[in-house]
Amino acid sequence: MPTTVSTQMVQNPAAWRNLRKGLAGTVGFVPTMGNLHAGHIDLCLRAKAENDIVVASVFVNPTQFNQASDFEKYARTLEADRKLLSDAGVDYLFNPDAADMYADGYSVKVSEEEIAQELEGAFRPGHFTGMLTVVLKLLNIIGADRAYFGEKDFQQLLLVKKMVAALFLPIEIVACPTLRAESGLALSSRNSRLSPEALAKAPLLHQLLQSGMDNATVMKKLEEAGFKPEYVETRWGRRLAAAWLDDVRLIDNVAADKQQEEDHAAVSGCG
Ligand code: AMP
């Protein structure tokens, strides 16, 4: 592992645009909110394999938090993040200020009025408008050829793809599978806030999503185990869920046909 940090940090949008003009070759972009883990790094490695230059952003976007406490408690670990990016061979880290990103005072917004209303959108009012607005700003600033998003945030991925198509943005959106701990728990920056007891319980969310049980039964099982589930729903070929464990909100999703396969296996008695 290299001990020096080679990833160059750029904090100002105008400075990045200036620098971008001098870059030759394809640029891959990985937007994040920091507190990086192996899931984020997986996206960076994919970007690295498919592009000449990789830039990651770390920006804890205030407009996509529907609870002030969640925004305040969000772990900020910029130096450690930069080291991880450097070890992964990421060339640039874009880390803007909220004042630069929202010089308009968030008076200009991007909203979607269909899929942004359900599931995550229903439980987190304003979340997707904040997310789409910041993603559009970041895509416009960075000027990448490809941007990498995780299936972990499946509804977000759908919305970003939809925005890119609707607004004719000249970029390819690349979807990356969810990276999980050995327990099956989807890696997430919020996991670092789970108590040891909650961390031991959390993998049940993924286990139940993958089981052949129907959505209502999964909700009931989560409640019995001490979760506070918000939804377990099948949409877009996925089974998706959100549930609170103590004061941490977990989300996850799996391919719905995986569940159906297991249903079939259960009925036919094989597998
Ligand atoms: P975040 O920092 O949580 O906003 O995530 C930044 C990007 O990393 C998003 O595209 C996420 O979907 C993706 N991501 C987060 N966790 C994972 C994971 N466990 N596996 C794959 N991608 C992830």
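Q: Which side chains meet in a salt bridge at 3.7 Å, N to O?
A: Those of lysine 220 and glutamate 224. A salt bridge here is a side-chain nitrogen of Lys or Arg within 4 Å of a carboxyl oxygen of Asp or Glu. Before we go on: this is a predicted model, where local features need pLDDT of at least 70, side-chain atom pairs count only at pLDDT 80 or more, and totals for chains, interfaces and linings use all residues. Residues are numbered from 1 along each chain as its sequence is written, and side-chain values use heavy atoms, with hydrogens and water left out.

Q: Where do lysine 220 and glutamate 224 lie?
A: Both are in helix α11, residues 215–224. They sit four residues apart, about one turn of the helix. Helices (H or I, at least four residues) and strands (E, at least two) are DSSP runs, numbered from the N terminus.

Q: Is glutamate 224 buried or exposed?
A: Exposed, because its relative accessible area is 55%. Buried means under 20% relative accessible area, exposed over 50%, and partly exposed in between (1.4 Å probe, protein chains only).

Q: How many salt bridges does the structure hold?
A: It holds 16.

Q: OK, what does lysine 83 form a salt bridge with?
A: Aspartate 87, with the closest N and O atoms 3.0 Å apart. Both lie in helix α4, residues 78–87. Again the spacing is four residues, about one turn of the helix. Lysine 83 is partly exposed, at 29%. Aspartate 87 is partly exposed too, at 26%.

Q: Which pair links distant parts of the chain?
A: Arginine 146 and glutamate 172, whose side chains meet in a salt bridge (3.2 Å, N to O). Arginine 146 is in strand β5 (residues 146–150) and glutamate 172 is in strand β6 (residues 172–176), 26 residues apart. Arginine 146 counts as partly exposed because its relative accessibility is 21%. Glutamate 172 is partly exposed as well, at 41%.

Q: Which residues are linked in a network of salt bridges?
A: Asp70, Arg190 and Arg193.

Q: New topic. Where is arginine 249?
A: In strand β9, residues 248–255.

Q: And why does arginine 249 count as buried?
A: Because its relative accessible area is 13%.

Q: What do its polar contacts look like, for arginine 249?
A: Its side chain has one with the side chain of glutamate 120, at 2.8 Å. Another joins it to the side chain of glutamate 230, at 2.8 Å. A polar contact is a pair of N or O atoms within 3.5 Å; within protein, one must be able to donate a hydrogen and the other to accept it, and residues adjacent in sequence count only if both atoms are side-chain atoms.

Q: What else is arginine 249 in contact with?
A: Leaving aside neighbours within four places in sequence, its contacts include Phe123, Arg190, Tyr231 and Trp244. Contact means heavy atoms within 4.5 Å.
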